[in-house]
Structure formats: C-alpha cells, structure tokens
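Try each task before reading its solution.

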Protein chains: 2
Amino acid sequence: MPRRSFDDANLMRLISRRRSSSHSDSLTDTAPPHRNRAFSIRSGGSNKGSSSGGGGGGSKMGGFSLNSLRGSVQPELSKKLFRLIKSENNLINAHEAAGRERISIATQLSEWGEQTGDDAISDVSDKVGVILSEIGEQEDSYAHAIDDSRGYLKAIRNTEKSVQPSRDGKAKIADEIQRLKLKEPESAKLVVLEQELVRAEAENLVAEAQLTNITRQKLKEAYEAEFAATIERAEKQIILAKHGRRLLQLLDDTPVVPGDAKPVYHHASQARQVLNDAEDDLRDWQPEADHYTAESTGAAVTTTTEEETNKAPELNVEEGVTEKATAA
Amino acid sequence: MPRRSFDDANLMRLISRRRSSSHSDSLTDTAPPHRNRAFSIRSGGSNKGSSSGGGGGGSKMGGFSLNSLRGSVQPELSKKLFRLIKSENNLINAHEAAGRERISIATQLSEWGEQTGDDAISDVSDKVGVILSEIGEQEDSYAHAIDDSRGYLKAIRNTEKSVQPSRDGKAKIADEIQRLKLKEPESAKLVVLEQELVRAEAENLVAEAQLTNITRQKLKEAYEAEFAATIERAEKQIILAKHGRRLLQLLDDTPVVPGDAKPVYHHASQARQVLNDAEDDLRDWQPEADHYTAESTGAAVTTTTEEETNKAPELNVEEGVTEKATAA
C-alpha cells in the first residue's frame, strides 16, 4: 500500500477542480453524506439523544455548529475519541487489578494449603497456585497490550484535533463571504475573501484526506492489536487451565474413614512435571495469523502459523509463588 | 466414590482403638505430620514470617497455640481461607469492571464511527463494537463463574470453622488432665476427665476426617470450576476476536488522494454475515472435557467433546450496542 505524498502539483489540480464548485456547496462539505444504514445494528440511527455511552457533559452533536466547535477544551471532532481513550484506561486498570488479585489469591491458596497439614492438599494447592499466578501474569500482559493499542487511537485523536482548525478556518471565511454578500455585495473585500476561501479549501481537502487515511489505518491497527492480544491471553490461559486440571487430578478425594491415616501422597514428582509441561507449552506458544480475505466466511478460513519465534514469559518453577508476589 | 456414614459401630471401634494410645500422644494430634517438601516450589518452607499474602492483622501461625485459637472473630483454622474468599471477591469485581468498561467502549466506538461520516468506518466500527460488547459479556460471565466456584471454598471454610471447637474442646480437657496430674495425682476427677477425653477424641476424629474429605473434594470442585470457566471465556473470546479480525479486513485502508471521493463501501452485507457467523459459532460452542489420568503427560492427552448441549448466550445482532449498554 504505497503512501502518496500531497505535492504541489496535486494541490494545484485540487484548487482548479474546487473552483468549479459553488461556495454554498463548500459550506456543507463537513456534513455527513447520505449513507445506507439498513444493515446497521446501531440503535437509534442518527438519534443521538438516546445514547448512553461516556456520560459526558451534555454535548449536543446535532449537526454542524460553529458554537459547539469553539471554546471547548477538546475540539468537538475529537471529543468522542478522547472519552473512548479514557475509558480504555479504565479497562486497562480493571485487567491489571484482576491480574494482581489473581496473583495474591495464588499465594494465599499456597499458604492455606501448607497450613492444612495434608501433604496432598499442600502440594497440589501450591502448584495450582503457580498456575493461577501465571494466569494472573497473562492478565497483566493483556492489560499492557491494550495500553499499546490505545496508542493507535491516540494517533487518530491527534489528527482529529489538528483537522479541526482547518475546518473552522474554512467555515469562518465562507461565513464572512455570506454576510458580506448580503450587506455589501459590491465590496472589493469579497474577491480577496474568495481567494482566501480557495486556499482554505485546498488546505482542508488535504487535512480531510489525511484524517480519512489515518483514521482507517490506525483503527485497523488498534483493533488488530487488541484482538491479537485477546487471542494470546486466551490461548495461554487455556494452556495453563488445562495443566491446572491435570494437577487437580493428582488430588485423591476418596473419603477417608475417621481414625484412618490419610493415604500417603505419591504424586509430588508428577505435579512438578505438570508445571514443567506448562512452562514448555507456554514457551512454545506461537501467534497464529488468520489470513481471512474479505470474501471468506467462517467455514473457509485458512490459518497459518507465523515462523517468527515469540518468546513467552517463563513460568518460574524454581521460585515460589510467595516470592513472586513479594517481588511484585 | 461412596460416602460412608460415621455410625455408632464405627465410633465404638474408634474409641477402643484410641484407648490404646497414650494421652500425651493425643495432645500432638493436631500438629502437622512430617512431610516431604523437596519438590515443593513454595518459598520459605515453614518460615511463615516472610509471607506477604493477605496482609492480615499479624496472626502468628507458629505451631499449635491455645491463645491464638480463642477470642478471634474467625477461628485461626479458617482465617486464611476467609481472607482468600474475600480476595476472590476483589477478583470478581475486577472482571466485572472489565466487562462493564468493555461494553461501554463498544458503544462509544460505534458512536464515534457514526460521527466520522465515513461509511466504511461507521459500519466496521459499529460491528466491531458488537464483537467487543460480546467480549465484555463473556468477561462478565467469567466473573459470575468465579463467584460460583467461591461457593466450594466457602464449604471448606465452614467445615474448618465447625472443626475448631472440637479441637479446642479436646485440647482443653487434655490440658486439664495434665494440670491435675501434677497438682492432685490421686484426684477422683481424673477418671472422669479421661473418659471425657476419650469421647472428645472420638468426636474430633470424626470431625478431622470430615474436614479432610470436604477439603479435598471441594478444593477440586472449586478449581475445576474455575479452570473450566477460564477455558470457556478464552475459547469464546477467541471465536469473537477472530471474527473481529474478519471485520477489520473489510475496512480498506488504501490511502485516498485529497479531493478524491472516498471509495464506496460495499461490504455491509459481508460485515453482517461476520456477525451472524460469530453468533452461530458462539451458539455451537461446547465445553471440552479433558480426560487426563494422573499418569498422562501433556503429550498423551485424550480430549473428548461432551455431548450435552450447552447454550451459549446469543449475540443480539438485532439490537444495537447502545441499547445493550442502556439496559445494563
């Protein structure tokens, strides 16, 4: 996908093309074009009054309004994305908290198990604790990955912010021309203003094209990154949970009769092997790249494995759960 | 696994068996037996001073102490699990918050996309929003599943709590016998106390067996439920993320030249099909039961699919993201 530069030749072409359009047209350039919403699942259509997201300070989005564009800290154009990026921060915090609590629970489970004085429970709870702790680490990595994907959304927001003055400038000149035409139709200032408008339109055309390009590219990148992170966390936690189940199988829950000794626990080395297996499986984990075409359906998906080695974080079986939590 | 009832015959057998053991032995019954910790990964061994989990009110667990058993709101025996169950609540809250934020972000993304006035972005962001919203719903279901698994831990804690008075009662009588033997070795009260001790020991033997049985059974059930929930969330979120990637493929990010019209968006029906596919895949999802034996390693795992139908929550493609968030 080659990126074309917006050189002077392009601009000259644009300016001459725009000359043929009427000024009243240029005023409505920023209004959304007609669109087919028959297949949209968005409720309320363009009826924004029923929206509940964000819960911001009563901003009215009803059409293009000069009033609502000026004087706000965030330009109207980037307000929604500004709030969305803030919400992503809450999401990141929630996943970080989940990871932290999971690791704390892992330590507590291990210590509780030791205190029971039951060899089998002590060993299994300790090693299930290691698995849970690593599940918590994956939750934390997921939070960081969402944080990275936020960067792409910020790039869109920054472009939105920088395009706003261009729209404002163009609209302001067009506004002035309209007023002057009514008050002083023969004013010499009109010619100068119309020249200014052409320049502003050219500048804005470039800005709008940049906005479209950045928005599409970065939106794809942001959510490709987030979906990839979702899949990575999911696949790694599946590995861990399945080995966790193996550990639970080592715990004999056949009831003991009062006064009988607890059966001797023989599975310590097997339990350790489960952790080794989990560590190996995590290290061998590779991201799968799904090469969907736009035409493919769920049934006709081709999946290939990327060859690049992707180092998974190691399961530190040498150090204890407690140690990990202390260091955190 | 048949559950044997602790009937009178059993008790009589126990009592006669315990008669042959000395009273000084019975005092150390509650001390943990010797255990092999060579394969344990728990740091610090029995050195509990270095533990960091829970951060409770400085409870000392160094051996059996009558002082530490009385006067606390939670008996010492169930304190650790009591705290662990509280931490699980924090974990549940964190995952609930993550689900809530995810659904809010989904709505915001959809509304932001509509406002861009770019048909392609509007449609793709709306439908990616549906996917994200469902990922959030899965996060919420996960939180509820952890809540369910907490119930098993509570059963252990309740048994721990009920066993504590039995241990205390036995220890108190043994203590009294020791004191009386030193002060009045010929006291007639000694015979009565020794009879009481035998009864207390019998009662405690049953209680300890119940504790062992409940602890092993419920510990397995608690974490089998939690690992199953981890796998379910992971597999369903993988389905959603992969279909989310398909949606992103429908967004053409080839740069546009300033002044050129945006390419007409032709993928609305395909995007809708992706959501239908995601809905179908979620509905068809089945839990896989891994039948590991205690001897199996990661390489020799047999996996079978359970036949029972497990209804997945439906992706409501008919209603919008906004509507969902409003109802929540």
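**Exercise 1.** Find the residue with a positive phi that follows helix 4 of chain A, and describe that helix.

*Solution.* In this predicted model, helix 4 of chain A is followed by A:G117, with a phi near 70 degrees. Step back into the helix: residues 76-115 give it 40 residues. From first C-alpha to last, helix 4 of chain A reaches 59 Å, close to the expected 58 Å.

**Exercise 2.** Work out how helix 6 of chain A is oriented relative to helix 4 of chain B.

*Solution.* Start with the angle: helix 6 (residues 189-249) of chain A packs against helix 4 (residues 76-115) of chain B at about 165 degrees, and their axes are 14 Å apart. Angles over 145 degrees count as roughly antiparallel, so that is how these two helices run. Their crossing is left-handed. Finally, pick out the contact: A:T215, A:L219, A:Y223 and A:E226 come from helix 6 of chain A, while B:R102, B:I105, B:L109 and B:W112 come from helix 4 of chain B.

**Exercise 3.** Decide whether B:T159 is buried or exposed, then list its contacts beyond four places in sequence.

*Solution.* First locate B:T159 in helix 5 (residues 119-183) of chain B. Its relative accessible area is 15%; the cut-off for buried is under 20%, so B:T159 is buried. Setting aside neighbours within four places in sequence, B:T159 touches B:Q210, B:L211 and B:I214.

How values were computed
Residues are numbered from 1 along each chain as its sequence is written. Chains are lettered from A and ligands numbered from 1 in the order in which they are written. This is a predicted model: local features need pLDDT of at least 70, side-chain atom pairs count only at pLDDT 80 or more; totals for chains, interfaces and linings use all residues. Side-chain values use heavy atoms; hydrogens and water are left out. Helices (H or I, at least four residues) and strands (E, at least two) are DSSP runs, numbered from the N terminus. The expected span of a helix is 1.5 Å times one less than its number of residues. Axes are lines fitted to C-alpha atoms, for helices over the stretch in contact, and angles run from 0 to 180 degrees between N-to-C directions. Angles under 35 degrees count as roughly parallel, over 145 as roughly antiparallel, 65 to 115 as roughly perpendicular and the rest as oblique. A crossing is left-handed if the near helix is turned anticlockwise from the far one by less than a right angle, and right-handed if clockwise. Contact means heavy atoms within 4.5 Å. Buried means under 20% relative accessible area, exposed over 50%, partly exposed in between (1.4 Å probe, protein chains only).
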